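Trainee: I've got this one open on my screen and would like to go through it with you. Can we start with the pockets and take the rest from there?

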Amino acid sequence: LRTVFLGPPGAGKGTQAPLLSEYFKACHLSTGDILRSHVKQGTELGKQAKEIMDKGGLVSDEIMVNIIKDELENNVTCKNGFILDGFPRTVPQAQKLDEMLTARNTPLETALELEIDDSLLVSRITGRLIHPASGRSYHTEFNPPKIEMTDDVTGEPLVRRSDDNVEALTKRLATYHSQTAPIAAFYKFQNKWRGIDAAKKPDEVSVRIMESLPSNT
Ligand code: AP5
Ligand code: ZN
């Protein structure tokens, strides 16, 4: 499977991508998770990225393209395919990804857009809890962990993301509509775009995703 997830903050990219990744034995690359791990490790990139992420802006295309290029070339778990979550996020990133995949003879199969109205995203974002090491996300109300504030798998504590507040979300949404939403037209032109109703319950969203994937994967 070779696919990308498009969709606004809180649409469910990070909830659905790990399920597909497990099913298809393909890697799940979340550029947000990769940047957050840099922040946690205190790298130079992490320091720059934290400021940008907390303001709801975008890290430069050049940096992000290099991160994905490096992962696709060197991450052995991507050999069977990949699910990109949070990348591409601008039309130039989508163009670079195309060039990269064409050169490797592994073209993208589909672009899945999780479609949802902005009004539903505030409650999803403000209730989110994450397990930083794995990127697993929970929700205080919609998907609570078995034990309060604790990861189901590792038993480690859950935290809130520093950009999960209404002010940063408003900026992330504005950035999404101006910079990321235009990517849909790019993939529609290539006949690779599939829209998914992301306002449904998580398992219903999963079913729609499976139905919209190419049958030969
Ligand atoms: P990133 O981490 O990608 O954040 P985002 O795009 O804002 O998306 P989210 O992670 O907030 O949403 P999601 O769709 O994954 O939702 P989730 O499944 O967790 O990026 C962060 C920042 O990094 C960016 O702002 C930018 O600065 C930078 N960055 C990253 N990539 C970049 C790039 N390529 N170029 C430049 N900069 C980049 O779900 C949300 C909540 O809802 C959870 O609590 C979940 O449990 C719940 N939920 C999920 N599905 C459902 C459902 N169906 N019903 C009810 N609740 C649900
Ligand atoms: Zn995410």
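Trainee: How many nonpolar, polar and charged residues does the lining of the second largest pocket have, by class?

Mentor: The lining of the second largest pocket has seven nonpolar, four polar and eight charged residues, where Ala, Val, Leu, Ile, Met, Phe, Trp, Tyr, Cys and Pro count as nonpolar, Asp, Glu, Lys and Arg as charged, and the others, Gly among them, as polar. Keep in mind that this is a predicted model, in which local features need pLDDT of at least 70 and side-chain atom pairs count only at pLDDT 80 or more, while totals for chains, interfaces and linings use all residues. Residues are numbered from 1 along each chain as its sequence is written, chains are lettered from A and ligands numbered from 1 in the order in which they are written, and side-chain values use heavy atoms, with hydrogens and water left out.

Trainee: Which residues lie nearest the centre of that second largest pocket?

Mentor: Of its 19 lining residues, Arg36, Ser37, Lys40, Ile130 and Pro132 lie nearest the centre. Two or more lining residues come from each of α2 and α3 (44–54), and α2 gives the largest share, six residues. Helices (H or I, at least four residues) and strands (E, at least two) are DSSP runs, numbered from the N terminus.

Trainee: And what volume does the second largest pocket have?

Mentor: About 380 Å³. On a 1 Å grid over the protein atoms alone, a pocket is an open set of points with protein on both sides within 12 Å along at least five of seven lines, a cavity is a set where a 1.4 Å probe fits but cannot get out, and lining residues have an atom within 4 Å of a point. Grid points are joined across faces, edges and corners, and a volume is the space filled by probe spheres set on the points.

Trainee: OK, cavities then: how many of 30 Å³ or more are there?

Mentor: The count is one cavity of 30 Å³ or more, and the largest cavity has a volume of about 60 Å³. Its lining includes Phe87, Pro88 and Arg89, and β1 (2–6) and α7 (166–180) each supply at least two of the lining residues. The peptide bond from phenylalanine 87 to proline 88 is cis, with omega near 0°, and proline 88 is found in the loop between β3 and α5 (91–103).

Trainee: Switching to the ligand: which residues come nearest to ligand 1?

Mentor: Thr15, Gly57, Arg89, Arg128 and Tyr138 come nearest, out of 33 residues around ligand 1, a residue being near if one of its heavy atoms lies within 4 Å. Arg89 also lines the largest cavity. The largest share of the shell, four residues, comes from α2.

Trainee: Where are its polar contacts?

Mentor: Among them, a polar side-chain atom of arginine 161 lies 2.8 Å from an oxygen atom of ligand 1, and a polar backbone atom of valine 59 is 3.2 Å from a nitrogen atom of ligand 1, a polar contact being a pair of N or O atoms within 3.5 Å (within protein, one must be able to donate a hydrogen and the other to accept it, and residues adjacent in sequence count only if both atoms are side-chain atoms).

Trainee: Last one: which cysteines does a disulfide join?

Mentor: Cysteine 27 and cysteine 78, with S to S at 2.1 Å, a disulfide being a pair of cysteine sulfur atoms within 2.5 Å. The torsion about their S-S bond is about 105°, so the disulfide is right-handed.
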